[in-house]
Amino acid sequence: WTSGACDMMGVSHTDQVFTISGDACFKILRQFTVINWCTYLPGTPGWNGQGIWTHTQIIKVIEQSRPVIKKCAPVVIGTDAGCEGTFAIRNSADDPGKCGRQSLLWTAEIDLWSDGTLDYVYGFNRPGQFRLDSVANNEEVVITLPGKIRMGTHKVLWKVRDLCGNNTSCVQYVQMKDLKKPTPYMHDLLSAGFDAKAMDLMVPARIFNINSTDNCTLPGLLRYSFSKDVTDTIRVINCSNAGFQYYTVYVTDMMGNQDFAEVYLLAFDNGSCNNTLTLTGTVVESNGRPMPNVGLRLAMDEKNISLTTSSNESGQFEWRGIGLYKDMLVSVVDHTGLLPETWPARVNIADLKLLQDHILGRRALTNFEWIAADVDGDGAVRARDVNQLKHAILHPEQQLSPWKFVADADTIASEKELKSLSSDIVLSASDGLIDFKAVCNGDISGANHVETALRSSLPLQVTRNGEWEQYALAEITDIEGLQLAIQFPEGAKIPELESAYLTPSQLVGCVDESTRILRCLGIVKATVEAGKPLFSLRRSGEDTHVSFSILQESAVLLPGYQLRRVKAVSNTGKQEAPVVVGIWPNPGNGRFILSEEEATVLSVSDSAGNQVSWSQAGKEVWLEAGDGIFFISVETPQGKTVVRALISQK
């Protein structure tokens, strides 16, 4: 306003504060009144209302920090005996704003069975039992549906807003699930007779059931097994294990819930075994691969009798028609017959990284990795095993007997079990299953499952620069370690090795003078640039004409403990001429060995062109098929080819 020399002005205001507003934290309506007392003369003759002015000012206090909902992860709610459950959920939110401790307003839209239809809506503006009162910051809001809900996956859309108008929402899935174990009702003891000359006695787990029940699975749909594996449903009784048998029978419902009962079986052979028995067993690697050519001995100390046999291509072995004695012991006595092409020493830098990460607490060992990691065999895994493993990698010629055999071992729960493992099976204490697991000492990465290493090699581009021979990758690569084996020719001096990615303290190495091989290891996390030397080799002055060979065991370690072999090529990218891939034995029984280390199977088809299931581990290939001719498509660094294989079980 503008006032004159004779004016006498006055001003006042009144406020209305609104704490709930759709577009602000607070809204203030400020009513101003301005009076000119020289002209504001109410009640005087001729006064026409002049001298007074009013105006409303709107003031908004804005805060834009949205609340953070704390519980959006899926939740599981168990059902009751009637296979229904109480649908009760809760949530809370944290409002990080600067407007003080505000109340929060919630809405929850519930779509039962996630079918796109809203079944229930709760909120601050809903009536009656569906109303959610405002809650304080970080205070929980609780919702319980009025009726019980059947099994299924349901969707909840949570929405929350603060008093400043800031909104947040998230979707949470709620699964109503049967978590109740079935109730086993079993025969404690059954008896059966069989004629071993006719056939073995096949005992199904289901035969022990009387009337097992479950709240959500019909009795006919319950599954019965001799272990937690629901496919383990049969036990075989023959002359090797006739008599009193002790079993654990598991009952599994359709949701995977399990409970078990202890049962017994008394099996009579009706005299057909005539006090003799047939002992059968298997020798497999801990990762499931069969172990052929393993020598086994059955010792009967009572009569000073000892029988030997060997495992076949499937890892199976047996003794037939042998007498029954009180003390009988089965042991592994020889594995020198294992083909070196099939069972090479498989320790490498991936195993070293796994062991170091365990020692440093970055990754815990599991199951048969404990046995492989106990390199020195003292029943403990510690820093000493790291040094032993380094030595085994750098001196493969000294790794003469890498196999450890354990009897009747399915799982290794912890390090404590290492000292109690046995390599012998005492038949009097056995359950009739004579199983040996073989663990390759130091092969941690292959202890629990067959390694699926990347089969194609990374090309190392070689450039000669004076005294230096430089090796670079063609593409940017993240690595976590490097393993090198370098052959230098007769008469040449040991090359000097340098790397821009590993310091001398990160490299350990040795030289085998007899084979003239330089080996070194290094663990480092780095991003290798394309074209920048990964490592360089320096010749002595009189050896400038010498070239080095990068051997097949050389590799880089990728994230996730993946090993990638490296292969030197000229700086033009040219490699050697393609080679023919051989396969043997051919014909075979479905298990074949490829002649090339870096041959990767792409597909397998039969003579009609139909695809055949297969698996590969190293140079070994298994075909899951019957007799016939099969075509194996193979890729090597030099190109692709097709190998023909014949399966004949005769």
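Q: What do the side chains of aspartate 410 and lysine 437 do where they meet?

A: They form a salt bridge, with 3.6 Å from N to O. The general idea is a side-chain nitrogen of Lys or Arg within 4 Å of a carboxyl oxygen of Asp or Glu. Aspartate 410 sits in the loop between β25 (403-407) and β26 (424-426), while lysine 437 belongs to strand β27 (residues 434-440), so the bridge ties together parts 27 residues apart in sequence. Before we go on, note that this is a predicted model, in which local features need pLDDT of at least 70 and side-chain atom pairs count only at pLDDT 80 or more, while totals for chains, interfaces and linings use all residues. Residues are numbered from 1 along each chain as its sequence is written, and side-chain values use heavy atoms, leaving out hydrogens and water.

Q: Are aspartate 410 and lysine 437 buried or exposed?

A: We read this from relative accessible area: under 20% is buried, over 50% is exposed and in between is partly exposed (1.4 Å probe, protein chains only). Here aspartate 410 is exposed at 61%, whereas lysine 437 is buried at 15%. Over the whole chain of 650 residues, 42% are buried.

Q: How many salt bridges does a search of the whole structure find?

A: The search finds 22. One of them joins arginine 591 and glutamate 313 at 2.4 Å, N to O. That pair links distant parts of the chain, 278 residues apart: arginine 591 is in strand β39 (residues 591-594), and glutamate 313 is in the loop between β22 (305-310) and β23 (316-323). Arginine 591 is buried at 7%, and glutamate 313 is partly exposed at 33%. Both also take part in a network of salt bridges with Glu285, Arg289 and Glu620.

Q: Where do lysine 353 and aspartate 357 lie?

A: Both are in helix α1 (residues 349-359), four residues apart, which is about one turn of the helix. Lysine 353 is buried at 11%, as is aspartate 357 at 3%. As for naming, helices (H or I, at least four residues) and strands (E, at least two) are DSSP runs, numbered from the N terminus. This chain has three helices and 44 strands.

Q: At what angle do the axes of α1 and helix α3 cross?

A: Two packed helices are described by the angle and the distance between their axes. The axes are lines fitted to C-alpha atoms over the stretch in contact, and angles between N-to-C directions run from 0 to 180 degrees. For α1 and α3 (residues 383-394), the axes come within 10 Å and cross at roughly 170°. The two helices are therefore roughly antiparallel (over 145 degrees).

Q: Which residues of α1 and α3 meet?

A: A contact means heavy atoms within 4.5 Å. In α1 the residues include Leu352 and Leu355, and in α3 they include Val386 and Leu389. By class, this contact has eight nonpolar, one polar and three charged residues.

Q: What is the mean pLDDT of the chain?

A: pLDDT is the predictor's confidence in each residue, from 0 to 100. Its mean here is 84, and 90% of the residues reach 70 or more. Over residues 339-343 it is below 50, though this stretch has 15 contacts in the model beyond near neighbours in sequence. Residues 573-579 are also below 50, with nine such contacts.

Note on methods
Angles under 35 degrees count as roughly parallel, over 145 as roughly antiparallel, 65 to 115 as roughly perpendicular and the rest as oblique. Ala, Val, Leu, Ile, Met, Phe, Trp, Tyr, Cys and Pro count as nonpolar, Asp, Glu, Lys and Arg as charged, and the others, Gly among them, as polar.
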